[in-house]
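This report goes through one structure part by part. The sequence and coordinates come next, and the description follows them.

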Amino acid sequence: MPKSLFEKVWDAHVVEPLAGGNALVFVDRVVAHEITTPQGALEIERRYGDELFDPARIVAINDHVSPAKDTETAIQAKVLRDWAKRHGIVLYDVGQNGICHVVAPERGYVEPGMTLACGDSHTCTLGAFGAFALGVGSTTQGGAMLAGCLVLQRPKVMRVTLEGRLQNGATAKDLALTVVATLGFKGGTGYVLEYAGDALATLSMDERMTLCNMAIEAGATTGMVGPDETTYSYLRGRENQPTGDTFERNVARWRALVADPDASYDRELRIDVSALRPMVSWGTNPGESVPIDGVVPAAANPESLRYMDLEPGRALRTIEVDQAFIGSCTNSRISDLRAAADVLRGRTVSIPTIVTPGSQAVKRAAEREGLHDVFQDAGALWTHSSCGPCLGMSMGVLAPGARCISSTNRNFPGRMGTGGRVHLASPAVVAASAVLGRIGSPDELGAVALVEAAR
Amino acid sequence: MIVEGNVLPLDRANVDTDQIIPAHFLTGTETTGLGKHLFTGMTGGADLLAAHPDASVIVTRENFGCGSSREHAAWSLVDRGFRAVVAPSFARIFFENAYNNGIAPIVVDASEIDALLRVPRLSIDLESETLTAPDGSVLRFELDPLRKQFLLSGGYMAFMAGKREAVRAWLAQRQLAAT
């Protein structure tokens, strides 16, 4: 029987079916970070003899608040550090760390066909490799550390066919926002979004990760992109990947991880990627996004309008912003930083602007290219890698009522600070807005050609 | 098992986990004592809790618990004494976290919510999967038959601990097949 990509990966990992349509699903890799891992690790220590199913399948990363900002976060990092050391688990810590969804793939821990779980909703990012990558709670992650498995309801599968090619200043972020705006904030609930179509071949791994990162914002279980030459090139020669014949044998196996041509899907969605324009959110969930040339919709949710202090019909380009942030698991990879730098080169920001690379490896790569000089010459702050201001947990917290244009993935009320307002956009639009002091795009600065070149 | 208690009417959709508990309260390593942070990220959240100090059942609208995977959302609800959330739909991760922490995520048709938001008390029988309002009217609902057992007896980690040998045997077979 023909199978979707998701079905191939799922079927290869079902240990046993369970009551009520659930299944016991084997987990090849657990990514553990300091905010959500200690609780499950401590329960296993206290009640199950500290016995992990297989420490070699776990990679640990201090990522959310690293270095620690206070005693409490220092204890979180220490618990993760001590636990990793005790079990011989590889740990990426201060100096080599960053956001787990950036570090895990760049260090070669994510492969096609793999199942992967992490106590973080944006784990769906890693579906870009053709993995079934799932965000879960601490207890569920703990279960995976204890027994190597998850209990899951088999999700439905939605094929999202992407046709054409990104152009006119639109980026993978604009595509991700379009998917969420089209499906709505909960329209993907219960589904895996399996991406298909000729546009995929034109997307880099960075772009695929940006696309899959926001599957959760439509409520989807995860996103998946089938592996191809782009995937294999990314992985070939990468640390923690085998070399030579062993790697090529894996590639030969991975080539089977594509959807069969006549696989059936529970739902279909088609998007003409060529028609996209840069997108910006106006409301309080990522689905409340429109093209940058547009206005706040007439049928906007009044609660969102009240929180955002906006009115229907307001042109997005007239909205003034107080802060700009480029970073997060959505848009903090080297290509994102290049896109922002191409807009900021030779220009000056007019509002406080924070640029946070997704990992220390990204930071060093950016510095080898001189991007840190571009950002700092423009007057922006260039920080160490971390989740940064995205979730209002450490630096860059917004004041009540302050408005931030941000390359992140969530604009929930209070997300970046109590009462703070967030507009989601691509790194290029964030950079242009940082110069303009209001929501705006690179073409207003005559910089659109540079954005195209960066792609 | 019967969950019986006062209702906290939360008349809004898409209550995300940042509203349930903001990220700056996620700095601990334990699962207890988080109730004091519940709904501090929600406009009017503190007033709502103050108006319903002894509620143990939340009635709300669609897509409750969307956003982050933070189980702190479930832990903070449990710590404030909540044992059930009644809504037309839940976000997947919160749905799993609720079951794993003794909170029944009860799905009812969206058309029932207006009436349920007005009742002061509900009695919920998890075994027979019925919900009874003070006027005696009864609604049926369905729990996930496996996860229901996590609510009624034992919990998720105990269930997983019991699966370890089966998983090891499966893995040995897989490795054999690969060679």
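Which residues does A:Ala340 touch, not counting residues up to four places away in sequence? In this predicted model, A:Ala340 touches A:Ile326, A:Val355 and A:Pro427, together with A:Ala428, A:Val430 and A:Ala431, when residues up to four places away in sequence are not counted.

## The largest nonpolar core

A:Ala340 also belongs to the largest nonpolar core, which has 202 residues. A:Leu116, A:Cys149 and A:Ala340 are the residues that touch the most other members of this core. Domain 1 (5–271) and domain 2 (280–454) of chain A both contribute residues, so the core lies between them.

## Domains of chain A

Chain A is divided into domain 1 (5–271) and domain 2 (280–454). Their C-alpha centres are 25 Å apart. Contacts between them involve 31 residues of domain 1 of chain A and 33 residues of domain 2 of chain A.

On the side of domain 1 of chain A that touches domain 2 of chain A, helix 4 (100–106), helix 6 (172–183) and helix 7 (205–213) of chain A each give two or more residues. Helix 6 of chain A gives the most, with five residues. By class, this side of domain 1 of chain A has nine nonpolar, 15 polar and seven charged residues.

## Helix 12 of chain A

Helix 12 of chain A covers residues 360–368, and its buried residues include A:Ala361, A:Val362, A:Lys363 and A:Ala366. Just after helix 12 of chain A, A:Gly370 has a positive phi of about 80°.

## A parallel sheet in chain A

Four strands of chain A form an open sheet in the order 11-10-9-12, with parallel pairing. Strand 11 (222–225) and strand 12 (267–272) of chain A are the edge strands, each pairing on one side only. From one strand to the next, the twist averages 25°.

Strands of a sheet pair through backbone hydrogen bonds, in either a parallel or an antiparallel manner. Strand 9 (residues 156–163) of chain A runs parallel to strand 12 of chain A, and six bridges join the two. A:Met158 stands opposite A:Arg267, which is in strand 12 of chain A.

## Backbone exceptions

Most residues other than glycine have a negative phi, and most peptide bonds are trans. The peptide bond that joins A:Ser66 and A:Pro67 is cis, with omega about 0°. A:Pro67 is in the loop between strand 4 (58–61) and helix 3 (71–87) of chain A.

Two residues other than glycine are described here for a positive phi. A:Asp309 has a phi of about 55° and lies in the loop between helix 10 (302–308) and strand 15 (323–326) of chain A. B:Phe39 has a phi near 60° and lies in the loop between helix 1 and helix 2 (45–51) of chain B. Are these residues buried or exposed? A:Asp309 counts as exposed because it has 11 C-beta neighbours inside 10 Å, and the cut-off for exposed is 12 or fewer. B:Phe39 is buried, with 22 other C-beta atoms within 10 Å, where buried requires 20 or more.

Chain B has eight helices and seven strands. Its C-alpha atoms fill a box of roughly 60 × 40 × 25 Å along the principal axes. Chain B has 179 residues, of which 46% count as buried. Among contacts in chain B between residues at least 6 apart in sequence, 67% join residues at least 24 apart.

How many residues of chain B are in contact with chain A? There are 43, and they meet 51 residues of chain A. Helix 1 (17–20), helix 4 (92–99), helix 6 (145–152), helix 7 (156–161) and helix 8 (164–178) of chain B each supply at least two residues of the side that touches chain A. Helix 8 of chain B has the largest share, five residues. By class, the side of chain B that touches chain A divides into 16 nonpolar, 16 polar and 11 charged residues.

Definitions and conventions. Residues are numbered from 1 along each chain as its sequence is written. Chains are lettered from A and ligands numbered from 1 in the order in which they are written. This is a predicted model: local features need pLDDT of at least 70, side-chain atom pairs count only at pLDDT 80 or more; totals for chains, interfaces and linings use all residues. Two residues are in contact if their C-beta atoms, placed from the backbone, lie within 7 Å. Ala, Val, Leu, Ile, Met, Phe, Trp, Tyr, Cys and Pro count as nonpolar, Asp, Glu, Lys and Arg as charged, and the others, Gly among them, as polar. A nonpolar core is a set of buried Ala, Val, Leu, Ile, Met, Phe, Trp, Tyr and Cys residues joined through C-beta atoms within 7 Å. Domain bounds come from an automatic or database domain assignment. Two strands pair if DSSP finds at least two bridges between them. Axes are lines fitted to C-alpha atoms, for helices over the stretch in contact, and angles run from 0 to 180 degrees between N-to-C directions.
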